[in-house]
Amino acid sequence: MIDSWRDEIWRFVALTVVGVLLGLLADNVALGLLLVFAPYLAWHLYNLNRLVRWLRQGKQFTPPESSGIWDDVFEHIFRLQQRNRKRKRNLRRMLKRFHKITVALPDAAVELQPSSEEIEWWNSAAAKYLGFVYPRDTGQRISNLLRHPAFLAYLHSGNYDQEVEIPSPVNEDITLRIRIIPYSGNRRLLIARDMTRMQKLERTREDFVANVSHELRTPLTVISGYLETLLDAPECGEAFGPQLRSMQVQTERMNRIVEDLMLLSRLESEVPKVDAEPVQVGRMLQSIVNQARELSGLEAHRIELDVDPDLCIKGREPELYSAFSNLVFNAVRYTPAGGRIKVSWKDTEQGPRFAVEDSGVGIEPHHIPRITERFYRVDAGRSRSRGGTGLGLAIVKHVLLRHQTVLEINSEPGVGSAFQCRFAPQRRISCDQDTD
Ligand code: ADP
């Protein structure tokens, strides 16, 4: 028990005893108790009154002087007040720091009200990039201020795993990458980043690759031509046959790399002219499988083709040809002689599905997330010796992205791999609409 309480109880007991004794002397116990407890009660009321006045004043820091239990009460409240003041000071400091951080943030940050599109708060970068004005735009719906269709679709989709890029409403030359982050259940924070510099760098890189590939094409054609002439000339063919043939193989490889680089550049930079034309996928796969059998040659892979001939889709034929042939030829390249390869094209509930399965070398799980990167190879020696450029799956990824789908990879080392993609059901069309 707290000391002051013990003292108070003792005081109470002592007063009661004194009161009773006085009462006995005066032959009236009630009077005795009244005489003793009236000043006691008055003392408590007096202190209660001082406490109320002290709390009301608020500004007075030191508590009133008192004694007994009241000294304890004043002291405790005083300590609580001090702790509160300290906490408030810390909170104020934190708020100031938070405010300074948000002002210094290069990214625009906008907080929306709970379960609503109304704007609650934004930082200075949001004023700069999104043109919000304080206090005019507080409480405005964000969809009234950022009206770009891509942003509105993103905002209303409720799926914020991806980001969206739109031009800044303040300056069309600035590209903003916007991400919405849901938090605390029903709140949303919008972050917008200026991507203009990154985009310029990316464009410079793309232009560089496209230009280098283009510039290499002519010298390579000339070298190939002369190599053929030299091999045909009997005196050179006899003396330098193996060297010239090796040079020819390497030149062809360089040619394929240049072709693939140019195709990748086109896929990255060009907005498709034709959005979608009817593609006879079954017929296309038949032609790819014929080429794959030629590629397999003496290795005699068992290549099966299982297609639905009546299943056609809207897409860009040359791109799909590139993607599917890369996947089928890879299956031949990475499956030992006599292995099984199955190419299928079927309709499913989720949409048309293309798949290539092989009983090849397989891929270890940690390589899978990276094999669609340019020049990423699990085994560079094997890839080169099998005529790979290291760009095949990067091309596949881009083509599929341009068809709003993704490559799914399942593989087990030593057992085989399965590469598949599913096209949206809306792409399905009747094969009768084919134009050729
Ligand atoms: P490459 O020209 O080297 O084949 P790709 O981009 O087509 O380049 O493929 C990247 C890497 O992925 C390959 O080097 C290979 O290691 C692996 N790979 C691709 N397809 C298969 C497959 N069907 N089986 C096993 N590994 C594969």
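A pocket here is an open set of points on a 1 Å grid over the protein atoms alone, where a 1.4 Å probe fits and protein lies on both sides within 12 Å along at least five of seven lines; lining residues have an atom within 4 Å of a point. A volume is the space filled by probe spheres set on the points, which are joined across faces, edges and corners.

The model is predicted, and local features need pLDDT of at least 70, side-chain atom pairs count only at pLDDT 80 or more, and totals for chains, interfaces and linings use all residues. Residues are numbered from 1 along each chain as its sequence is written, and side-chain values use heavy atoms, with hydrogens and water left out.

**Domains**

The protein chain is split into domain 1 (2–95), domain 2 (105–194), domain 3 (205–269) and domain 4 (277–430), with bounds from an automatic or database domain assignment. Between the C-alpha centres of domain 1 and domain 2 the distance is 57 Å.

The largest pocket holds about 940 Å³ of space. Its lining has 22 residues, with E165, R177, Q199, E268 and L401 nearest the centre. Two or more lining residues come from each of β3 (164–167), α7 (196–232), α8 (234–269) and α12 (392–402); α7 gives the most, with 4 residues. Helices (H or I, at least four residues) and strands (E, at least two) are DSSP runs, numbered from the N terminus.

The second largest pocket has a volume of about 790 Å³. It is lined by 43 residues, and those nearest its centre are N330, R333, Y334, G392 and L393. The elements giving two or more residues to this lining are α8, α10 (317–333), α11 (380–385), α12 and β12 (416–422). The most come from α10, with 9 residues. Domain 3 and domain 4 each supply at least three residues to the lining of the second largest pocket.

The table gives the linings by class.

**Ligand**

Around the ligand are 20 residues, of which N330, Y334, S383, G390 and L393 come nearest; a residue counts if one of its heavy atoms lies within 4 Å. Polar contacts are pairs of N or O atoms within 3.5 Å. In one of them, a side-chain N or O atom of D358 is 2.9 Å from a nitrogen atom of the ligand. Backbone atoms also take part: an N or O atom of the V378 backbone is 3.2 Å from a ligand oxygen atom, and a polar backbone atom of G392 is 3.3 Å from an oxygen atom of the ligand. Of the 530 Å² of accessible area that the ligand has on its own, the protein covers 98%, by the Shrake-Rupley method with a 1.4 Å probe.

**Backbone**

Most residues other than glycine have a negative phi, and most peptide bonds are trans. Y134 and P135 are joined by a cis peptide bond, with omega about 0 degrees; P135 is in the loop between α4 (124–130) and α5 (142–145). A300, a residue other than glycine, has a positive phi near 45 degrees and lies in the loop between α9 (281–296) and β7 (302–307).

Note on methods. A polar contact is a pair of N or O atoms within 3.5 Å; within protein, one must be able to donate a hydrogen and the other to accept it, and residues adjacent in sequence count only if both atoms are side-chain atoms.
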